[in-house]
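Please open the structure in your viewer and keep a selection tool at hand. The stops below say what to select next and what is found there.

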Amino acid sequence: MTDIVSQASGKVVSAAPPRRDIGIRRRYAAERRFRFYGLAAIAFGLVFLFILLWTVVSKGYTAFLQTEITLPITFSEQLIDPGNKRESDPKVLQTANYPLLVRDALAEKLGIASSDRPALRQVSGLFSDSARVTLRDMVVSDPSIIGKTVPVTVLASANIDSAFKGQFDLTVDEGSRKVSDQQLGWVNTLAEEGVLSKGFNTGLFVNGNSSRPEAAGLGVALVGSLYLMGIVLVLSLPIGVAASIYLEEFAPKNRLTDLIEVNINNLAAVPSIVYGLLGLAVFINFAGLPRSAPLVGGLVLTLMTLPTIIIATRAALRAVPPSIRSAALGLGASRMQTIFHHVLPLAMPGILTGTIIGLAHALGETAPLLLIGMVAFVANVPATPLDPSTALPVQIYMWANEAERAFVERTSGAIIVLLAFLIIMNLGAILLRRRFERRW
Amino acid sequence: MSTTLLIGILLAIAAVAYTLGRMRANAVAGGKSSALHSRPNYYGAYVALAAFLPPLIVVAAWLAISPFIVNSSVRDTFPDEVKAQSPAQQSLAFGMVATIARGLPKLTEEELRAIQQDPSTLQAVFATKGVAVAAEARPYMLESAATLNGMTRTSRLALAAVAIGLSLAGAFFSLRSVAPRFRARNKVERVILWALLLASSIAILTTIGIVASMATEALHFFTMVPAHEFFFGTVWDPRFAGAGATSSGQFGLIPLLAGTLYIGFVAMLVAVPVGLFAAIYMAEYATPRMRSLAKPLLEVLAGIPTIVYGFFALVTVGPFLRDLSAQLNGLATGNYANFIQAQSVITAGIVMGIMLIPYVSSLSDDIITAVPRALRDGSLGLGATRSETIKRVILPAALPGIVGALLMTASRAIGETMIVVLAAGVAARMQINPFEPMTTVTVKIVNQLTGDLEFTSPQTLVAFALGITLFCITLALNIYALYIVRKYREQYE
């Protein structure tokens with residue numbers, strides 16, 4: 001008996017079998033790894049978002065400042081109109097060598113002898129060639145200015161602008177730098193005297209395109225994008241809402257409406273560049289509308305935005321409870337009256353949210369606009385939607401293709417402007433949703 | 001009279017008609033509006049519609065048809081030797097006539113007489129008025145231009161007279177029909193219903209427009225370049241041929257398609273794991289607070305315009321990869337030469353993949369959260385860990401939806417333009433090294449269609465053949481995605 005007991009107790013005490021290995025440790029490790037992969041994926045996305053935004057902002061914020069040179073310039077008659085022929089031949093004022101005036105004024109300020117030609121050439125590199133246009137416009141609008149000395153503000157050249165903002169690596173050998181030590185010395189002198197200074201870059205928002213980065217601006221692109229958005233809004237909101245009302249409230253269930261529905265879903269997935277081809281073939285080639293015009297761009301973007309707006313509007317209409325419709329119909333309203341007087345106003349916040357998101361998408365769209373010729377060099381602000389123009393994203397594309405360093409700054413600045421518009425629009429949509437969204 | 005002014009007048013008539021209709025409805029009701037079938041507004045709207053719609057249709061039809069009639073009768077005035085020329089030369093001559101016709105009203109009497117005596121001075125005189133005439137004018141052109149101007153003027157006046165007459169007549173007769181028993185509301189609502197139907201048919205018209213416009217231009221292209229050379233050609237060398245050059249270049253689709261698929265593949269390689277894991281984490285692990293923070297932030301990636309990604313690839317990712325490869329090469333072999341080009345398949349693919357992350361993650365997130373709670377609870381209750389539940393239960397249940405989402409994402413990758421335009425390069429090559437540039441269908445569409453266009457050369461028309469190929473591929477992917485989702489969807493209820 002004792003044997004058995006001892007055997008039994010021995011079993012219990014000494015040979016307690018280890019718990020069956022069901023791999024719990026391994027499984028928990030797998031669980032932790034899996035969880036980590038998920039976190040890493042989200043982190044990967046967010047890190048790239050951060051790098052993207054940081055790149056744009058760090059490269060672009062300086063574009064909002066512009067180095068300018070303000071100094072008294074003598075509009076010497078000898079240089080502008082030596083033969084005194086401006087009465088008989090107004091072309092003299094157009095073709096005069098205005099940059100020479102700026103150069104001489106700067107040279108005088110810096111105390112450089114007029115015989116020191118190499119130095120003078122370096123002085124010419126300080127200011128932008130756009131000074132020619134600035135001075136010419138002053139003289140042409142008021143010829144009596146000739147012979148006087150007037151303080152004028154001209155833009156510094158792109159290289160000086162970059163150097164003054166500290167974007168050049170000054171440890172590089174002088175020969176392989178775009179700014180010489182002499183010019184840097186002058187820049188410091190001029191800056192100390194207050195002649196050369198950084199100011200807010202209004203030109204970026206006003207000027208048209210230019211091949212000189214310091215004078216290039218987004219004016220044309222902003223106006224063009226404004227036209228585009230106006231046309232898209234005016235066309236796509238009514239058409240989209242009308243189409244949704246028909247499909248959601250009136251359409252009988254038949255082949256035709258099925259086809260329309262499948263169509264709309266497919267159109268939402270068609271690549272945007274195909275819409276550009278459509279616009280080129282139909283609006284420009286067939287209907288004969290002018291190339292590069294915001295009108296054509298607006299029509300193309302409208303077709304592109306319509307599916308988005310229709311899908312959003314239908315969701316908003318569907319969210320209005322049937323009791324509202326029943327109540328209106330019960331009080332004797334017609335179906336039309338029910339929808340236009342009761343359902344539509346209640347669905348409006350949802351519709352507007354969808355519209356704003358569609359518009360924001362259209363604002364950033366580039367590819368179709370390239371095909372209909374909005375990628376043109378336009379220096380003058382378009383007066384009507386039929387004039388040649390560019391748009392904000394297209395301007396970014398054009399500047400991104402320029403080689404000069406200063407254009408990288410401009411491009412990033414333009415992207416900041418574009419993103420700012422998009423943020424405002426999306427915030428507007430979110431606020432609209434928060435403010436008016438109703439749970440039934 | 002310009003069309004804008006005419007429409008303005010018609011609108012004004014319609015506005016007056018609306019007021020008159022209302023007043024008349026009130027008058028026939030004798031101040032008792034309950035006697036009317038519809039509310040007075042509807043009578044006003046009915047009269048306004050009767051005054052505006054018929055003339056509007058007439059104006060639209062007239063504007064569409066009259067140019068053809070005017071053109072053909074102006075061409076009739078051409079001398080016989082011009083009529084004998086080729087159609088292209090005739091339309092060139094007509095173009096000049098149209099330009100001259102535009103310039104004629106700007107001339108003074110004396111200038112006109114001087115030109116009539118000596119048409120060779122026309123070019124110079126017109127230039128001072130800001131009208132550029134392409135070539136030296138011939139005497140008959142002046143006459144034809146005068147005819148053109150005359151006919152256009154007559155046509156416009158006639159249109160205005162007809163439209164305004166029709167508008168007034170419509171207003172008059174509809175006003176007479178206003179009576180208490182008249183069902184104005186039903187009629188107005190019928191018109192509105194038609195307008196709604198018209199709006200929703202725009203979706204179909206767009207599709208027809210896309211297919212028809214691209215198909216006609218593409219067929220035009222295939223008359224110049226045989227279809228099999230396009231679809232199975234392995235060399236892309238469109239050769240912008242100058243005037244007189246006989247060879248039209250080679251238009252092989254294969255290298256472009258290879259580049260498109262390769263870059264799309266790299267993009268999916270980045271986007272699918274990241275997007276899927278992000279979706280799984282957000283659906284299954286994240287606290288509500290983290291979800292409400294991370295989800296919108298990830299979706300910001302979808303809201304950034306693609307041109308910004310393109311710029312990012314061009315100035316940041318491309319140079320970074322190039323320098324990185326140079327450093328790696330230097331560490332390994334001592335030779336600091338980069339083996340990744342700044343513009344390469346991998347640059348474009350990575351950046352496009354980042355762009356696609358939110359598409360994958362939000363589509364899959366919706367699908368994963370749609371898997372019923374009971375499946376999850378059952379698996380967890382049997383002792384599976386969360387990750388096992390996800391891998392063995394939830395993902396299989398959500399698979400058709402996820403495959404559908406991935407196909408839709410792939411179609412987006414194939415149709416993406418701006419990133420590849422800036423980051424993939426323009427060299428149409430067939431090779432398998434992801435560190436070298438390749439080009440895509442969309443890049444070539446943009447390349448062929450920016451700059452000066454003439455719609456007769458295969459160099460331009462090939463873009464439409466590329467476009468319709470792209471359209472068909474993306475359409476097929478989307479339809480297949482829908483099919484998969486419908487066919488394999490698990491029915492839980």
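**Chain B: the domains**

Begin by colouring chain B according to its domain assignment, which gives domain 1 (3–182), domain 2 (184–218) and domain 3 (250–488); such bounds come from an automatic or database domain assignment. What you see is a predicted model, in which local features need pLDDT of at least 70 and side-chain atom pairs count only at pLDDT 80 or more, while totals for chains, interfaces and linings use all residues. Residues are numbered from 1 along each chain as its sequence is written, and chains are lettered from A and ligands numbered from 1 in the order in which they are written.

Select domain 1 and domain 2 of chain B together: their centres, taken over C-alpha atoms, are separated by 25 Å. Where they touch, 8 residues of domain 1 of chain B are in contact with 5 residues of domain 2 of chain B, two residues being in contact if their C-beta atoms, placed from the backbone, lie within 7 Å. On the domain 1 side of this contact in chain B there are 6 nonpolar, 2 polar and no charged residues. In this classification Ala, Val, Leu, Ile, Met, Phe, Trp, Tyr, Cys and Pro count as nonpolar, Asp, Glu, Lys and Arg as charged, and the others, Gly among them, as polar.

**Chain B: two helix pairs**

Next, select helix α4 (residues 87–103) and helix α7 (residues 139–176) of chain B, whose axes come within 8 Å and cross at roughly 65°. Helices here are DSSP runs (H or I, at least four residues; strands are E, at least two), numbered from the N terminus. The axes are lines fitted to C-alpha atoms, for helices over the stretch in contact, and the angles run from 0 to 180 degrees between N-to-C directions.

How do α4(B) and α7(B) lie to each other, roughly parallel or roughly perpendicular? The angle places them as roughly perpendicular, on a scale where under 35 degrees counts as roughly parallel, over 145 as roughly antiparallel, 65 to 115 as roughly perpendicular and the rest as oblique. The crossing of α4(B) and α7(B) is right-handed; a crossing is right-handed if the near helix is turned clockwise from the far one by less than a right angle, and left-handed if anticlockwise. To see the contact itself, show M96(B), V97(B), A98(B), I100(B) and A101(B) on α4(B), which meet M141(B), L142(B), S144(B), A145(B), L148(B) and N149(B) on α7(B). The residues of this contact between α4(B) and α7(B) comprise 9 nonpolar, 2 polar and no charged.

Move on to helix α10 (residues 254–285) and helix α13 (residues 345–369) of chain B, where the axes come within 6 Å and cross at roughly 35°. This crossing of α10(B) and α13(B) is right-handed, and the contact has 25 nonpolar, 6 polar and 1 charged residues.

**Chain B: annotated spans**

UniProt, in an unreviewed entry, places "transmembrane region" features on chain B, including residues 191–211 and 256–280; such annotations are given in the numbering used here, with feature names shortened, and may be inferred rather than shown by experiment. Residues 191–211 of chain B are 100% helix and 0% strand, with end C-alpha atoms 30 Å apart. Residues 256–280 of chain B are likewise 100% helix and 0% strand, and their end C-alpha atoms lie 35 Å apart.

**Between the chains**

Now show both chains: the contact takes 64 residues from chain A and 66 residues from chain B. On the side of chain A that touches chain B, the largest share, 18 residues, comes from helix α2 (residues 24–60) of chain A. That side of chain A divides into 49 nonpolar, 12 polar and 3 charged residues.

**Chain A**
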